[in-house]
Amino acid sequence: MRTHTLFPSLLLLGALTFTAACSPGSSDSPGTGAAGAQAGSAASPSPSPVRTVDPSKIKGLEIVSDSSEHTSCPFATSYPDVPGAQAMTAAMKKDVEGRVAAFRSGTCEGGSGGADGRELNISHQFLVASGDVLGVRLTTQDGTSAGSGLSAATYWYDGKAGAHRTALGLVAEGSVDAFTSELKERLKGREGLDAAALDDTLADPDSRAAVLDDMAFTADGGLRVSFDRGDVGVPAAGSFTVTVPRKTVTPWLSGFGERAQRQTLQPDRSLDLGATRVPAPSVPTHTASGDDDTDCKKVKCIALTFDDGPAAPETGTLLTYLAQYKARATFFTVGQNVAAHPELVRAAARAGNEIGNHSWNHPDLTKLTPEQVASQLNRTSAAIKAATGKEPTLFRPPYGAVNAQVKAATKLSPVLWDVDTEDWKYRDADKVARTVIAKAARNDVVLMHDIHPTSVAAVPQILRTLTAQGYSFVTVSHLRATL
């Protein structure tokens with residue numbers, strides 16, 4: 001069934017080195033991270049700040065993203081793939097794919113849909129990326145889990161040893177008992193803490209490793225340890241965070257932990273994980289000859305839109321296809337991917353394409369507070385402006401989920417779609433192309449994703465066939481302005 005969302009909206013809305021620069025900053029708060037609308041840390045002090053990493057300086061970086069665009073199966077995941085850190089990437093891949101498979105089996109195929117907050121969102125944050133140390137935190141919001149469903153885990157890579165390290169690997173084996181005793185002392189008296197459960201958990205090696213899975217150094221060298229909701233206390237009490245000061249924790253660190261602490265405090269100018277091959281960046285240099293003068297009142301227009309990118313190398317390949325047909329499109333970009341690949345966003349804008357906002361990490365905005373919605377969109381708009389020099393005017397709400405509260409939280413104009421290729425579900429280039437060609441009608445907005453190679457591979461057939469049928473490919477804003 002066709003929805004024709006655009007026209008009503010017109011009426012309503014009118015030895016290889018990888019450079020990694022670090023700067024002081026604070027980690028995402030729960031409300032601006034992985035859809036953390038329900039996150040909390042009752043009876044816990046505010047977390048100490050950690051340094052932030054500029055991911056665009058990591059050579060050869062790819063962000064592995066996956067998502068749906070349906071409220072019936074709302075999930076979005078991302079994790080980084082850094083050359084040389086294959087073992088760490090494999091660990092993240094296994095964990096993320098396991099969560100997605102369980103979610104799709106229980107929620108999407110089980111027929112429960114996205115009701116009652118059943119959304120899966122996994123986002124990433126770089127903690128350290130310099131010298132021979134790489135650290136990443138994955139934050140998960142799982143609406144199928146008990147309680148808030150919010151959890152986090154850190155993944156570490158030791159380039160010197162060529163090995164993936166767990167969070168507890170930051171602490172020397174012989175110092176674990178002293179370290180856990182310090183944690184218990186600092187947790188003592190926290191409201192909602194289950195002291196007996198804490199003792200039992202930290203005494204058992206397997207349970208201890210599972211619970212102490214989110215550890216990172218603060219900007220002043222302390223070690224911040226975060227416990228997920230329900231790990232060591234009653235679920236209603238929320239999560240707990242403990243920061244062991246630098247002076248106290250340093251003697252207990254492993255050799256790798258010492259290097260991770262040092263790279264946090266005084267990061268090197270480059271990251272060297274011993275990769276034998278780093279993919280060369282592929283950034284098209286196509287430049288639009290001028291403003292689009294297509295009159296959509298006189299000719300058949302169609303707006304191709306691509307969500308969830310930019311992605312390397314897929315977005316670069318797509319830009320080349322579009323330029324070959326002098327076609328323009330609209331890219332609804334995810335902020336954390338813009339931060340990783342601003343050069344691709346610049347290239348897209350330079351070629352005459354429109355850059356729109358698709359939130360920072362793809363949560364269902366209708367489940368967030370107005371402040372969280374504003375943060376998701378404002379951070380992304382800032383990243384887009386930093387890349388292109390121009391702020392976006394359009395946003396596409398993840399899953400198409402939008403309500404009056406979301407609209408009131410932003411000045412951006414929402415854009416939905418008329419043709420849904422469901423390319424997230426059908427990874428088949430020919431099927432995607434046939435869907436667009438069969439369903440496309442004049443002035444339609446088409447939904448696709450440039451994070452999927454199969455979707456990008458479908459574009460030449462779409463451009464070739466619809467061009468022969470007399471269509472012109474324009475941006476959403478151009479389509480709106482000329483109707």
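A residue is called buried when its relative accessible area is under 20%, exposed when that area is over 50%, and partly exposed in between, with a 1.4 Å probe and protein chains only. The structure described here is a predicted model, in which local features need pLDDT of at least 70 and side-chain atom pairs count only at pLDDT 80 or more, while totals for chains, interfaces and linings use all residues. Residues are numbered from 1 along each chain as its sequence is written, and side-chain values use heavy atoms, with hydrogens and water left out.

Helices (H or I, at least four residues) and strands (E, at least two) are DSSP runs numbered from the N terminus. Helix H7, residues 255-265, is mostly covered, with eight of its 11 residues buried. The buried residues of H7 are Phe256, Gly257, Arg259, Ala260, Gln261, Gln263, Thr264 and Leu265. Contact is taken to mean heavy atoms within 4.5 Å. The cover over the buried residues of H7 includes strands S6 (120-130), S7 (133-142), S8, S9 (163-165) and S10 (215-217), together with helix H6 (246-249).

Strand S8 spans residues 150-158 and holds Tyr157. Tyr157 has a relative accessible area of 5% and is therefore buried. Beyond its neighbours within four places in sequence, Tyr157 is in contact with Gly84, Ala85, Ala87, Met88, Asp132, Val133, Leu134, Gly162, Ala163, His164, Phe256 and Leu273. Tyr157 and Gly135 are 22 residues apart along the chain, and their C-alpha atoms are separated by 6.5 Å.

Helix H8 (residues 314-324) packs with two other helices, H14 and H10. For these pairs, axes are lines fitted to C-alpha atoms, for helices over the stretch in contact, and angles run from 0 to 180 degrees between N-to-C directions. Angles under 35 degrees count as roughly parallel, over 145 as roughly antiparallel, 65 to 115 as roughly perpendicular and the rest as oblique. The axes of H8 and H14 (residues 453-468) come within 10 Å and cross at roughly 0 degrees, so the two helices are roughly parallel to each other. In this contact, Glu314, Thr317, Leu318, Tyr321 and Leu322 of H8 meet Pro453, Val456, Val459, Pro460 and Leu463 of H14. Eight of the contact residues are nonpolar, one is polar and one is charged. In this division Ala, Val, Leu, Ile, Met, Phe, Trp, Tyr, Cys and Pro count as nonpolar, Asp, Glu, Lys and Arg as charged, and the others, Gly among them, as polar.

H8 and helix H10 (residues 342-350) lie with their axes 10 Å apart at an angle of about 10 degrees, and this pair is therefore also roughly parallel. Here Thr315, Gly316 and Leu319 of H8 meet Leu344, Ala347 and Ala348 of H10. The residues of this contact comprise four nonpolar, two polar and no charged.

A nonpolar core is a set of buried Ala, Val, Leu, Ile, Met, Phe, Trp, Tyr and Cys residues joined through side-chain atoms within 4.5 Å. The largest such core has 33 residues, and those with the most contacts inside it are Phe306, Leu322, Phe331, Met448 and Leu466. Two or more residues each are given to this core by strand S14 (300-307), H8, H10, helices H11 (370-388) and H13 (429-439), strand S20 (444-449), H14 and strand S21 (471-473). H14 provides the largest share, six residues. Leu466 touches Ile302, Val436, Ile437, Ala440, Tyr471 and Phe473, leaving out residues up to four places away in sequence. Another core, of 32 residues, lies apart from the largest one and includes Phe179, Val232, Val242 and Trp252.

With a disulfide defined as a pair of cysteine sulfur atoms within 2.5 Å, the count comes to one. This disulfide joins Cys296 and Cys301, whose sulfur atoms are 2.2 Å apart. The torsion about its S-S bond is about -90 degrees, so the disulfide is left-handed. Cys296 is buried at 1% relative accessibility, and Cys301 is buried at 0%.

Most residues other than glycine have a negative phi, and most peptide bonds are trans. The loop between S14 and H8 contains Pro310 and Pro313. The peptide bond from Gly309 to Pro310 is cis, with omega near 0 degrees, and the bond from Ala312 to Pro313 is cis, with omega near 10 degrees. Glu422, in the loop between strand S19 (419-420) and H13, has a positive phi near 50 degrees. Asn443, in the loop between H13 and S20, has a positive phi of about 70 degrees.
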